[in-house]
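These are my notebook entries on a structure that I am reading for the first time. I set down what I looked up, entry by entry.

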Amino acid sequence: MTTAGKTALVIGGTGPTGPLVVDGLAERGFEVTIVHTGRHETPLIGPDVRHIHTDPFDGEATGEALGGEEFDLAVVMYGRLRVLAALLAGRCGHFVSIGGVGVYRGFGSPDDLFPLGMPVPLAHDAPLVGDGEEFRKLRMIRVTEEAVFEHHPEAIHLRYPQLYGPRQPLPREWPLVRRALDRRPYVVVPDGGLTVKSQGWIANAAHATLLACDRPAAAVGGIYNVADSTALSIAQIAEIIADELGHRWELVSLPYDLAAPSRPMVGSWSTTHRVLDIGPTVRDLGYADVLEPTQAWRSAARWLAENPPERGGALEQRLGDPFDYDAEDRLVAAWSAARNDLDTAVSEIAWRFEPNYGSAYTGNRPNPGVS
């Protein structure tokens, strides 16, 4: 799409996805202005982009910085979206905003749902957090979405998931990358490492944002989940990262209430799944991954290996991972000893006949008790 001579305002624009969106708009012919604090300048943004430095969380300061300017397109990726939506009402031809996926009921408290946990995949139109939701932060995501469409009925709003890839302020894949670099012989995973949650490679999320900027008619006035087209489990991601970094390890599965080292990887007290339906995003925006997840996770691992956070520094503290390998070794040893005792006890149980996989079973391992 060519839009020569049109103007675009990007609020934010210097985070992991921002430069990709800014460059994509410039390639489309927009004259781009970005509004940000100025604390995170990056050479990834070209010299032709105009910068306005202010605090996007301060509506009054942002209003003063923008003056009476109007734009053909506004993309709000950062700042206090509720306030910015009101500030830009009537001042842009098309409004695209970025929010979060935590707006769904049960996202923060899956035990509020029956049966426990979110369905897989979670329907795009599943119930949202209510006014009685325990977590105010999640309630405010819903309130913010409502404010966007109050001021911009024809906006397109995107719900970003947890992102991964270069320049993440909090790279949640680092616990796996560091352990692979440290050549740990095993990594503790909870409940088999089978937890699956929708995530997004930064370039995939940026691509979805640019598609929204193109303003396809079918998407106007809609809200869309953004995520990679397929989601991988913790165990699969651990395998990919180790392989990319030339390492092999054993995945030691512990029940989650015992698997303390895995908490930063799960990011929740529950190992239930959070898999988003992105069908409408594919249908209305024309979304498809620009990089499929296996290769994206490889790229994320390589980038972190080449740009590692400071060991023991502030970022690792924020991740909540002590990287206490001595404690992990003792935990795994205790689990192995307990498993040996359990295996002995289980071997003494006599079944009327050994439970098997059923008559329809097909697989490359024997069906227990069936000749």
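Entry on the cavities. I began with the second largest cavity, whose lining consists of Y164, K197, Q199, D228, T230, A231, L232, P293 and W297. A cavity here is a set of points, on a 1 Å grid over the protein atoms alone, where a 1.4 Å probe fits but cannot get out, and lining residues have an atom within 4 Å of a point. I noted that this lining divides into five nonpolar, two polar and two charged residues. Ala, Val, Leu, Ile, Met, Phe, Trp, Tyr, Cys and Pro count as nonpolar, Asp, Glu, Lys and Arg as charged, and the others, Gly among them, as polar. The volume of the second largest cavity is about 40 Å³, a volume being the space filled by probe spheres set on the points, with grid points joined across faces, edges and corners.

I then looked up the largest cavity, which holds about 140 Å³ of space. Its lining has 14 residues, and Q199, I234, I237, M265 and W297 lie nearest its centre. I recorded seven nonpolar, four polar and three charged residues in that lining. The whole structure has two cavities of 30 Å³ or more.

Entry on the source. The model is predicted: local features need pLDDT of at least 70, side-chain atom pairs count only at pLDDT 80 or more, and totals for chains, interfaces and linings use all residues. Residues are numbered from 1 along each chain as its sequence is written, and side-chain values use heavy atoms, with hydrogens and water left out.

Entry on strand β8. I found that five of the five residues of β8 (residues 186-190) are buried, so this strand is largely enclosed by the rest of the structure. Buried means under 20% relative accessible area (1.4 Å probe, protein chains only). Y186, V188 and P190 point one way from β8, while V187 and V189 point the other way. Strands are DSSP runs (E, at least two residues), numbered from the N terminus. β8 runs parallel to β11 (residues 250-254), joined to it by five bridges; V187 has L251 as its bridge partner.

Entry on the open sheet. I traced seven strands in the order β3-β2-β1-β4-β5-β6-β10, with parallel pairing. Two strands pair if DSSP finds at least two bridges between them. The edge strands, each pairing on one side only, are β3 (50-53) and β10 (223-225). I noted three bridges between β6 (residues 156-160) and β10, where R159 has N225 as its bridge partner.

Notes: Helices (H or I, at least four residues) and strands (E, at least two) are DSSP runs, numbered from the N terminus. On a 1 Å grid over the protein atoms alone, a cavity is a set of points where a 1.4 Å probe fits but cannot get out, and a pocket is an open set with protein on both sides within 12 Å along at least five of seven lines; lining residues have an atom within 4 Å of a point. Buried means under 20% relative accessible area, exposed over 50%, partly exposed in between (1.4 Å probe, protein chains only).
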